[in-house]
Amino acid sequence: MERIDPRARSDIYGRRINRAPYAWRVRSIPYLTIMFGSLLPVLLIADLMPLFPSLGFLLLLGWRMVRPGLLPLWAGAPLGAFDDLVSGQPFGSAILLWSLAMIVIELIETRFPWRGFWQDWFTAGVIAVGYWLAALLVSGASVTPELLIVALPQALLSVMLYPIIARMVAGLDRFRLARARKID
């Protein structure tokens with residue numbers, strides 16, 4: 001076959017036969033991206049009130065929606081603990097809320113196994129706004145109408161960012177599964 005067309009058994013990464021993805025990359029990319037997403041708002045903007053939504057939580061939603069069986073159900077607890085440590089929220093709030101979000105997504109996936117992008121966007125939007133409201137209540141701030149109006153752009157931005165996050169997660173998933181090493 002290769003005598004006729006040398007490109008027959010190759011793709012953009014080189015030879016396809018006798019190639020496999022790196023095991024460390026397959027296992028670590030989802031967790032590292034979620035942790036980096038938790039760190040990013042803290043590193044970029046230091047302000048009195050966060051203007052950016054929780055990117056770690058949005059990445060968790062993205063990985064869970066784009067690759068349903070990849071993250072185990074318990075992954076929300078340790079990732080939420082990391083987010084609590086870097087975000088300044090009361091310790092345990094993200095652990096609880098991220099775990100509840102993972103359980104809700106699991107229940108939705110059990111009830112509706114075949115979904116489309118619009119249903120995923122709607123589900124992620126409802127969960128993101130619910131997370132935003134619950135995090136606002138748990139933060140210890142007095143919830144006033146003025147606070148809700150000031151924080152509302154953060155909730156709207158979290159809903160509008162989901163398609164970008166889902167596209168980014170799909171690209172990271174392609175990188176995660178790219179064949180890079182030879183199998184001996």
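A nonpolar core, the idea to start with, is a set of buried Ala, Val, Leu, Ile, Met, Phe, Trp, Tyr and Cys residues joined through side-chain atoms within 4.5 Å. Buried here means under 20% relative accessible area, exposed over 50%, and partly exposed in between (1.4 Å probe, protein chains only). The model is predicted: local features need pLDDT of at least 70 and side-chain atom pairs count only at pLDDT 80 or more, while totals for chains, interfaces and linings use all residues. Residues are numbered from 1 along each chain as its sequence is written, and side-chain values use heavy atoms, with hydrogens and water left out.

**View 1. Seven helices and four strands make up the secondary structure of the protein chain.** Starting at the N terminus, the order of elements is β-β-β-α-α-α-α-α-α-α-β. Helices (H or I, at least four residues) and strands (E, at least two) are DSSP runs, numbered from the N terminus. Of the 184 residues in the protein chain, 34% count as buried.

**View 2. The largest nonpolar core holds 31 residues.** Look for Ile34, Phe57, Leu60, Leu61 and Trp98, which touch the most other members. At least two core residues come from each of α1 (23-44), α2 (55-66), α4 (93-111), α5 (117-138) and α7 (162-176). The biggest contribution is that of α2, with eight residues. Another core, of five residues, lies apart from it and includes Trp132, Leu136, Leu147 and Ala151.

**View 3. Here are the contacts of tryptophan 98.** Contact means heavy atoms within 4.5 Å. Setting aside neighbours within four places in sequence, the partners of tryptophan 98 include Ile34, Phe57, Leu60, Leu79, Asp83 and Tyr131.

**View 4. Phe117, Trp118, Trp121 and Tyr162 are linked into a cluster by ring pairs.** Rings of Phe, Tyr and Trp (its six-membered ring) pair if their centres lie within 6.5 Å; planes under 30 degrees apart count as stacked, over 60 as edge-to-face and the rest as tilted. The pair of phenylalanine 117 and tryptophan 118 is edge-to-face, at 5.9 Å centre to centre with 70° between the planes. Phenylalanine 117 and tyrosine 162 have ring centres 6.2 Å apart and planes at 25°, so this pair is stacked. Because phenylalanine 117 lies in helix α5 and tyrosine 162 in helix α7, the pair ties together parts that are 45 residues apart in sequence. Tyrosine 162 is buried, at 3% relative accessibility, whereas tryptophan 118 is exposed at 65%.

**View 5. Arginine 25 lies over the face of phenylalanine 175.** The distance from the ring centre is 4.4 Å. A charge sits over a ring if NZ of Lys or CZ of Arg is within 6 Å of the ring centre and within 35 degrees of the ring normal.
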